[in-house]
Every structure is written in C-alpha cells, then in structure tokens.
Amino acid sequence: MDWLEKGDGDMKLNDDEGLATYSSIEQEGVEHNVMKKFKDFEELMDIQPEIFLTRDRHIDYLLKGLNMLSKSYECLDASRPWLCYWIVHSLNLLEEEIPEVMKSRICKFLGKCQHPKGGFGGGPGQIAHLAPTYAAVNCLCSLQTEEAYNTINRNTLLEFLWRMRQADGSFTMHDDGETDTRSIYCAVSAASLTGLLNEDLELFNNSVQWLVRCQTYEGGMGGCPGAEAHGGYTFCGYAALVILDHYKLVDTDRMLRWVTNKQMKMEGGFQGRTNKLVDACYSFWQGGLLPLIHNTLEQEGGVEGEVAEAQETWLYDQMALQHYVLHCCQCSFGGLIDKPGKSRDYYHTCYALSGLSSSQHCPNNHAIHVGPKTNVLVAVHPAYNLTYDSVQKAMHHFVNLPLPSQ
Amino acid sequence: MSSSSDEDESYKMYKDRPEWNDVKSVPQDDGPAPVVQIAYSEKFKDVFDYFRAVMAMNEKSERALELTGSAIELNPANYTVWHYRREVLKALKKDIAVEMKFLSQIIMEQQKNYQVWHHRRALVEWSQDFSEELDFTADIISRDQKNYHAWQHRQWVIQEFEQWDGELDFIDKLLEQDVRNNSAWNERYFVIEHTTGFTDEVVKREIEYAIKKINLATKNESAWSYLRGVLQDKGLTWSKSLCDQIHSWRGEGLRSPHLAAFLLDMFDEDLEKKKCDVNKTMDKVRSLCKELAEDTDTVRRKYWNFVLQRMTKEYEVK
C-alpha cells in the first residue's frame, strides 16, 4: 500500500506537538476514520486486490434522484437546476447515456425555471439567481441537444447579466442579493458558453480587478476582498480569470504554494482552507485548480525544458487523491460522500467524481489511475467542469448565432 | 415524544385558516413530466402554494409577512422568500429591531446559509444600527470558530462602520484558545492592513508575534503563512533577527516542513539578489528540496521537485 509505506509513517499523521487544540483534535478524529478505511482494505487485499469505482451503484443512485428525491431534499428546493447539473454531469463522467425522452424532460423542466426577465431561478416561479443560472446552462450544455441549447433565452439572459452587474465590476447573485466571487464566475461561465462573451466584454469591465483583490496573503482567494482564502472561491475566481484571459494578474506562485499545501498528507484529499478538514468536494475545487495553474505556468514558460516534473502530470499527488476518493468516499449503496461517517448527496457525488476525473487525466492526454482501468472517468474541462465534448459542442452551437441586440 | 410532533398536532394548514380563505393557492408549475421532483410534505406544499399566491398578487401585508416566516422556517435557503420578505418589511415600514430578533434566532439554527447573513447585512444597511453586530458575530464564532459567513459579516461591519478598536484583542483570545484557527490569523492581517498598515515597526512586532506562536506549534501552517504574509512586500530576508531565528530553529533540529520551505525561499531570495555563492547555496537548496520531497513532506513531492528544477534552471544553468 504505497500511501502507507512511502515516507516515514509517523510523519503522515497529525502531530499536535503536545498542544492539543480544537483544530488538531478534530483533525486526529478524521485521520483515525480514514486510516481505518485504508487498513480495512489492506486486510482484504488477498480477496479483493484492487479498489473499484462502483459505477453501477453510483449510476443507480443518480438516475433515481433524477426522477424523485425524498423530503430531506426540501432544503434544496431553491437549487433544483443544481440537482439537474450535478446528476447529468456525473452521468456524463460515468459515460451513462441518458435516454432522449429524459433529456427532453430535463430541458422542459429547466425551461420552467427560466425567468421571463432572464436567467434561471432555483425552481419554477422563483426569481432568477446567478448560481442556478450557471447550473442550468451547464446542465443544458451537458445534454448536448438542440432542444437543450434552444431552451436558453440568450436575449433575456444577457439582460439579466447586465442587471446583476455592479459599477465596480462585481455581480449580485439576484435582485437585491449578495455579491461575491461566485457570482462573477457564474456570470462569466454562462456568458462564455452561450457565446455572449466575445463581443460584449464591457459586461465584465473591472470584474478582473475586483477578483484580483480577492487573493489573500496566503495565495488563495476569498469570497470578497479581505476574506479568508477558500477552495471554492479560489476556483471560482481563478477560473473566471482564465476564461476572461486575465489569469496573469494573480500571483501564481503564491497560489500554487497555497493550493498544493491544501492536500492532506495522510488522507490524500484536499481541505478547503488552512487547518480545516478534508472534504471530497475539494477534490475538484482545489484539485481542479492545478490543471488551470499548469496552463498558466506553461504560458509563462515555467514548465518547459528542464522542468519535466510539471510536464507530464499535475503538481500534486494525484494517486493519493484517488485513493482518498475511492477508499473513503464511496457510499456502499451508491453515491459519494464528504468523508467517512457522512451521508451521501448529489453535490458530493458530482464534485468527488469531477475531482477524480481531473486527477486521472494528465496533460498530453494520458491517464493514471488507482485500481483497474475501468475506474477511469471521462475527462473534465477544468474551467467549466463539463466534459470537453459538452464545452466544444456548446461553443460551436452558440458561436454562429447572432448576438442579442441591446 | 418530541416537541415538534406536538407542534404538528396544533399546526393549522394555511388552506384551513379562515383568514386566508379569500386567497386561491397557486400550486408549483413543474410542467407535465418534471425531473428532480422533491417529495414535499403536505405542510411544505401548503405554505409555498400560498406564498406563490401572495407573490402573484404582490400583497404586502401582515399576513404575507407571517407567511414568509413560515416559508423561511421550512426552507431558509429560499432566496425568493427572503427577497419578498424584505419588500414586505419596507412596504409596511416594520421595526427593524423586531426583525433582527427573529433573524438572530434563525441564524443560530442556520449558521451556514448565505441568505440569512445577506438579510442581516441588508437590515444593518437600512437601520445603520450595528450595535449588536460585533457581539452577535463573536457569539457565533465562539460556537463555530471558522464560520465563514460570520467572519465575512464581521469584516464588513468593522470596515463599514470603522470599528477597528479591540479587534486585535479579540483575535488574541481566539488564538490563545486555538493557535491553528486560520480565520483568526486572516482577521489579524485584515485589521493591520486597514489600520496601521505594514510599516517597519508593525512588521517587526508581527514577526515577534508569529515567532512566539510558531514556538507553541512549529507545524502550524497558519502561523507560517501569516509570517510570509507580513513580509510579502519586504521580502523574507528583510529582518536579520528572523533570519537568525530560522537558522537557529534548523540548528535545533526542528523538522517542520514549513520551516524548511521558508528557508528554501530565503535562499531563493538571496540567489535572486545575487547575495550569495550560487554553487554553495544551490547545494543547500537541493538538500532542502530532497528533505521535503522524500522525507518530511512527501505528499508534495512533485511540487518540491518542480521548485528545485525551476531554481536550477533559473540560477545554475545560465
């Protein structure tokens, strides 16, 4: 078991140096549970020498949710386009073909979530919000059908985006809503995929400057200037800068140091913030940042020539991440979880799988995988978290359409 | 039996309330063949059917306000309900203090929810009354020391109403309880950046502060990261006494990977400024990267090899 053997075994466990605090006590609790998962597997290695991605169980869980969700999902009643995206994208990663009838049902439902004044709400009749707008656009692009593309009203979408834009380049999430790093990313991603970005750059005037101010002394980005560096916000902020082609404005070295330090030495998964606990969703938010940074380094000439280490792989321990997701985050009934002891949900299923995919596909298109080759998922585009196919087809579809008049 | 089931028995559906019989409820229009259907409880359906009706009529009344309260109780993440509630509050010119009390209770149960914190900020913006905000966020932080929303709200209040006094003491207490609380370290940087700024004197003081905290837990990334942060503009080798401290920790055999990484970046700075013998320093760089990659920080092996390759290319090959 390489993740237990390499290096000095003791160095991998948390060392509180005789000063136990809330953070170190919690951390040790998680390490105990994770270690148990690794050891349980080790004991059964004679019977089952390889760890499997239990595809069929995950697919069953996803298809079930696409139809019907229990009462416990009432708390996500204002996030239903998200549920569609998490499920459809996960099925794409697992190469599970969605029947045409179901695709059409999803399009019609998302159409019901679209607001007459533009953008998508969290459910039918709800006001438009940038997060479900991002999710709906991503889901429709994942479906890759004409009906899906035609569901999006680009005229009103552009009006909605303009309405959310603030003078300083930030965006509010909805009318009289909050402003943060996520909102710019959601707006940039949706505009870019639907062909609203190229000739309408004024929409994001000053947004780049606003985002750059969110990078903290640690190197990651926060939800707004001054806030603590956080994996989710760093991904959103940096991916938006990548899409807008202004990624060189952040301190890449500082960000690289921060994000590589967010990988947990014993668990192999990522934490969202310094001294916080591992969570499988950061397999994507943090792990997915590394392909984006890799591209920046390549542009800067930092990964060419002698710097071979960064040429063939991403600059983190991809195998350790895969061990974490496969051993610790698969629910035996299907679906994936945050960490051992937590229950499954569609959010963690989507981001654990997306992170797993990102860790499996290296630059130059070769794959590295823990377990059998059948564990390899479809590759994700790191800036949109869609399959490459979905991005290319959407862009191809929308690029030829005329821009809405204002 | 739990109190919630007792509550359920006495609970009256909106459709059975005489004061609502003039309103025709509006069911959710999910379309003919919906997906991601939630198996709503009868209560949930009832409340939201009436909420949709009220919103469609644009009714801004006491009963509409109460209805939004019921809807929020069932799903505090429904931003449409909060948005409408704010419109009703404005239209009825309601007492913000009463609303604040209602909200505080909900936040206590829903500490990690965007909508409740956004509502709080909106109320403070209206009333310009921030008198409870520092105590309230301190209370939430005492229960959940790294609550992102609470910290973000606190930063906004402090900055908006210039309440900087006492914040460093507040942070000190938190770091005494848990020196690994990174949110508190981030707050420290935020306060200094917006008050004194990182003058020579302040940087010297902060270096001392960080050194003391590192001595308590040498593998605490938060303190090391903060130390780098305060030296962001001056450079890691700016303070002679810090350089001495780093070397002395190494001399004592301290095995923290953050110490090795810091020393490595000090060498990087020396090399860049051409303040050292390239060959000798690169030997030390190689040995530090090897130590990190193969021994003390193996999960970041690729990163340390990358750092070494980049430095070799930068300083040795030319």
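A salt bridge is a side-chain nitrogen of Lys or Arg within 4 Å of a carboxyl oxygen of Asp or Glu. One of these joins E221(B) and K262(A), whose side chains meet at 2.8 Å, N to O.

## Before you dig in

You're looking at a predicted model, where local features need pLDDT of at least 70, side-chain atom pairs count only at pLDDT 80 or more, and totals for chains, interfaces and linings use all residues. Residues are numbered from 1 along each chain as its sequence is written, chains are lettered from A and ligands numbered from 1 in the order in which they are written, and side-chain values use heavy atoms, with hydrogens and water left out.

## Where the chains meet

Between chain A and chain B there are 7 salt bridges. You'll also find 56 residue pairs in polar contact across this interface, both residues at pLDDT 80 or more. (A polar contact is a pair of N or O atoms within 3.5 Å; within protein, one must be able to donate a hydrogen and the other to accept it, and residues adjacent in sequence count only if both atoms are side-chain atoms.) On the side of chain A that touches chain B, α13(A) has the largest share, with 6 residues. (Helices are DSSP runs of H or I, at least four residues, and strands are runs of E, at least two, numbered from the N terminus.)

How many residues does each chain bring to the contact? Chain A brings 94 and chain B brings 70, where contact means heavy atoms within 4.5 Å. Together the two chains bury about 7,200 Å², with 51% of it on carbon and sulfur atoms. (Buried area is the accessible area, taken with a 1.4 Å probe, that two parts lose on being put together, summed over both.)

## The largest cavity

The whole structure holds 4 cavities of 30 Å³ or more. (On a 1 Å grid over the protein atoms alone, a cavity is a set of points where a 1.4 Å probe fits but cannot get out, and a pocket is an open set with protein on both sides within 12 Å along at least five of seven lines; lining residues have an atom within 4 Å of a point.) The largest cavity has about 80 Å³ of space, and its lining includes D77(A), Q126(A), F48(B) and R52(B). α2(B) gives the most to that lining, with 4 residues.

## The second largest pocket

This pocket has a volume of about 1,100 Å³, the space filled by probe spheres set on grid points joined across faces, edges and corners. Of its 40 lining residues, those closest to the centre are W210(A), C224(A), P225(A), G226(A) and Q152(B).
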